[in-house]
Amino acid sequence: MKELSRLVHRSFHIIPRQEDFRPLVLGASGRTIVRIHFGGRTCIGIQWGNDRSDNDSFIPTARHLHTHGVNVPEIYDYEPLGPGCGAALVEDLGDANLLAFRKEPWPSLRLRYIRAMEQLHLLHSCPFPEEFPLQPAFDEALYRWEQSYFAEHFLGSHLGLETDSFLNHPALKEQAQFLAALPECPVHRDSQSQNVHIHAGKTWLIDFQGMRGGRPEYDLASLVYDGYARLEPEQADELLREWENISAHSIDHRIFRACALQRIMQMLGAYANIGQNQGKTWYLAQIPAGLGHLRKLLPGSTLAEPLAAMLV
């Protein structure tokens, strides 16, 4: 933690003790994330290596979003530690993410989701940055990668199914080409409930380092069909109607369904991969909820033919 200690000393003129660093177990980004206590206050220390290219995008993306009015944590200090590596001190938004309110009565929880969707709409309305590159945009190859990831880790490793016939079905390529041809805006890429925090009476977005060009419907589906939050179908439908009010546009349900299917496939692939290959079995327990969302969306979609029979 010497790099983070140096940043605390440089920024706040305090030398933290070893016991002032409290590890936080968050997600699967591969970063070291700690809560640092000093002088009666706290901040979050983050350190990353070059094993994932998106981790190094956190700092410029945070500054860009903040400039355009999105609620993101303040960057107190940052230091590069080599190509693709770095350490930073950022604002502590506490532990109250949207998932923590899952058992709250729906009228209150609904308002929290509306605030989250408002922040996502602000993010989607930001201009693409000129001063730094985002992560590679969604294109046909990335949509096809998500489909392959789902097939390998969920259909293959988790369910033990043969996947060649699924991956070779023309409906998958058609869906990828359809989505890739649409206009793009900046998207969060992982706007699920753990990446929305409630702090100081405001709603904040975190873990946006994977921001890239894509479709806003992908982020919307990430939020309302989040396997962790386990919203009821009628609650998700109500939030979709609220999105139309926030965005001032009617949802194109063909685009939304395609984005939602892509997101849920990626999500289930991640749950299976992280749960089995990284030993984080909590992720395996989220599979039934995600699978329920997938089954709900399949009827009438172009993916029903290659996929529905595999999920009975």
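Because the model is predicted, local features were required to have pLDDT of at least 70 and side-chain atom pairs were counted only at pLDDT 80 or more, whereas totals for chains, interfaces and linings use all residues. Residues are numbered from 1 along each chain as its sequence is written, and side-chain values use heavy atoms, with hydrogens and water left out.

The chain contains eleven helices and nine strands, these being DSSP runs numbered from the N terminus (helices H or I, at least four residues; strands E, at least two). Its radius of gyration, taken over C-alpha atoms, is 20 Å, close to the 20 Å given by the globule rule for 312 residues, so the chain is as compact as a globular protein of that length; the rule is 2.2 Å times the number of residues to the power 0.38. The C-alpha trace spans about 60 × 40 × 40 Å along its principal axes. Of the 312 residues, 54% are buried, where buried means under 20% relative accessible area, exposed over 50% and partly exposed in between (1.4 Å probe, protein chains only). Among contacts (heavy atoms within 4.5 Å) between residues at least 6 apart in sequence, 72% join residues at least 24 apart.

Helix α1 (residues 2-12) has as its buried residues Glu3, Leu4, Ser5, Leu7, Val8 and Phe12. The elements covering them include β1 (21-23), β2 (32-38), β3 (41-48), β4 (75-80) and β5 (86-90). Ser11 also belongs to α1 but counts as partly exposed, at 25% relative accessibility. Beyond its neighbours within four places in sequence, Ser11 is in contact with Tyr76, Asp77 and Leu89. After α1 comes His13, which has a positive phi near 60°.

Strands β7 (residues 196-199) and β8 (residues 202-205) run antiparallel and are joined by four bridges; pairing requires at least two bridges found by DSSP. Val196 is placed opposite Leu205, and His199 opposite Lys202. Two residues lie between the strands of this hairpin, in which Ala200 adopts a positive phi near 55°.

In the loop between β6 (185-187) and β7 lies Arg189, which counts as buried at 12% relative accessibility. Leaving out residues up to four places away in sequence, Arg189 touches Phe138, Trp145, Glu146, Gly210, Arg212, Tyr218, Asp219, Arg263 and Gln266.

Pockets were identified on a 1 Å grid over the protein atoms alone, as open sets of points where a 1.4 Å probe fits, with protein on both sides within 12 Å along at least five of seven lines. The second largest pocket has a volume of about 240 Å³, the volume being the space filled by probe spheres set on the points. Its lining comprises 14 residues, of which Pro216, Glu217, Trp243, Ser247 and His249 are the closest to the centre; a lining residue has an atom within 4 Å of a point. Helices α3 (106-125), α7 (216-224) and α8 (233-247) each give two or more residues to this lining. By residue class, the lining consists of five nonpolar, six polar and three charged residues, with Ala, Val, Leu, Ile, Met, Phe, Trp, Tyr, Cys and Pro counted as nonpolar, Asp, Glu, Lys and Arg as charged, and the others, Gly among them, as polar.
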